[in-house]
Amino acid sequence: MRRFRFRSLLVVSAFVVLAAQLLGLGLPQSAGAAAKAPITIGIACSCTGPLGPGIIVSPPGFQAWAKYENAHGGLNGHQISVVLMDDASNTGTALTNVETMISQDHISVLVDDSEGDTAFQSYVDQHHIPVIGGSSTSDLFLSDPNWFSPGETVDTYFLFYMAAAKKLGEKTVGQFYCAESTICQQGVPSFRADAKADGLSVGYVSSISYAAPNYTAQCLAAKQAGVQVLNVADAAFVAERVGQNCETQSYDPWYVAGGAAIAGAFPTSPGFENHFLGAEDDIPYFDTAIPGVKLFVNEMKKYYPSVLTNPNYTDGTIQNWITGLVLAQAVKASNAGSTGPITPAEIYKGLYTFHDQTLGGMAPPLTYKKGQPNPVHCWFWIKAQNGKFTTPYGLQPNCVNPPK
């Protein structure tokens with residue numbers, strides 16, 4: 001318990017420091033920058049609020065990319081200005097913030113790190129502003145042609161969970177899902193259906209609250225039901241608490257999670273150590289043997305070093321960096337801004353050139369077709385082994401075709 005309280009204190013302390021950093025978002029131009037109109041990019045973020053500690057570590061990835069680009073001449077000679085606004089997971093604030101960014105800041109692109117994006121969906125669509133990333137967890141990537149995902153989308157998550165159970169040779173799965181979001185509850189039927197389709201049994205499913213003092217009752221119920229593979233569909237810091245509580249009850253299932261639900265501390269966390277199999281939405285953020293990941297980490301060390309030691313640091317940060325890579329490739333493909341400002345229309349044109357685009361191996365194959373949603377059904381396997389994350393199944397993305 002003492003260890004958990006200390007870790008909680010670290011999370012809160014890092015959260016406060018990082019929040020202060022993010023609200024001072026100046027991106028100075030490099031000396032001698034070309035006198036072209038800058039491109040303004042907005043970030044809608046639920047950086048505070050119930051899930052804030054797990055989200056606030058994501059935007060610095062995009063901001064670090066923007067600073068790197070500015071230091072190297074900008075996008076086709078245009079410097080990048082970033083406007084970040086926090087909605088604290090409040091839908092009314094989310095809409096107001098995006099209205100401000102579009103009508104007053106005149107953004108050309110929106111990066112979506114918000115839990116309240118359905119509130120501003122219609123407004124963004126009406127103004128024809130492309131939404132790229134930042135994370136790929138929004139359901140809007142599955143239904144709105146204006147949302148462009150940089151990595152695996154949520155409709156693949158349950159297929160991954162079942163594929164993980166089969167890879168581990170287990171037969172009974174279970175899920176603890178977040179009580180604070182209706183989206184989590186809406187996913188339960190799909191979880192059950194995908195398990196059945198793969199010949200797996202669902203032993204136990206329950207909601208959990210991030211504010212609960214412990215998860216002892218749920219751990220004991222899952223243990224009693226014989227759940228061998230457990231998915232905690234909640235923020236990574238909540239999953240860590242579940243692991244601690246279940247281990248205290250001598251319950252040691254395999255844990256599976258994807259994307260931003262993975263904490264960098266999992267390989268050494270009680271319950272997760274040597275008992276975790278995960279899916280990264282994009283290239284594993286910890287493998288610095290990959291040149292693109294090494295560059296990302298180096299730039300994070302330069303501009304936002306505290307993020308790298310934040311207990312909630314996860315692939316959400318590199319997804320925001322990769323969001324920048326998506327934008328840069330779109331600008332390059334359409335030669336946007338060659339005769340004037342970089343416009344949303346030029347960015348759309350560049351995005352529609354993507355066909356199995358991997359951005360040099362940093363992303364799974366990305367294809368964007370005009371007029372239709374463009375979900376991404378690929379992931380990268382990772383595992384917790386001997387105190388660190390590994391890639392025991394290689395660095396090629398695992399791609400599937402979801403049932404219709």
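I took a disulfide to be a pair of cysteine sulfur atoms within 2.5 Å. The structure holds 4 disulfides.

I noted that this is a predicted model, in which local features need pLDDT of at least 70 and side-chain atom pairs count only at pLDDT 80 or more, while totals for chains, interfaces and linings use all residues. Residues are numbered from 1 along each chain as its sequence is written, and side-chain values use heavy atoms, with hydrogens and water left out.

Entry on C178 and C184. I found these two joined by a disulfide, S to S 1.7 Å. The torsion about their S-S bond is about 75°, so the disulfide is right-handed. Both C178 and C184 are buried (under 20% relative accessible area; exposed is over 50%, partly exposed in between, with a 1.4 Å probe and protein chains only).

Entry on C219 and C246. I found a disulfide between them, S to S 2.0 Å. The link is left-handed, with -85° about the S-S bond. C219 lies in helix α10 (residues 216-224) and C246 in helix α11 (residues 236-248), so the pair ties together parts 27 residues apart in sequence. Helices (H or I, at least four residues) and strands (E, at least two) are DSSP runs, numbered from the N terminus.

Entry on C378 and C399. I found this pair joined as well, S to S 2.0 Å. The pair links strand β11 (residues 378-385) to strand β13 (residues 398-399), 21 residues apart. C378 is buried at 7% relative accessibility, whereas C399 is partly exposed at 43%.
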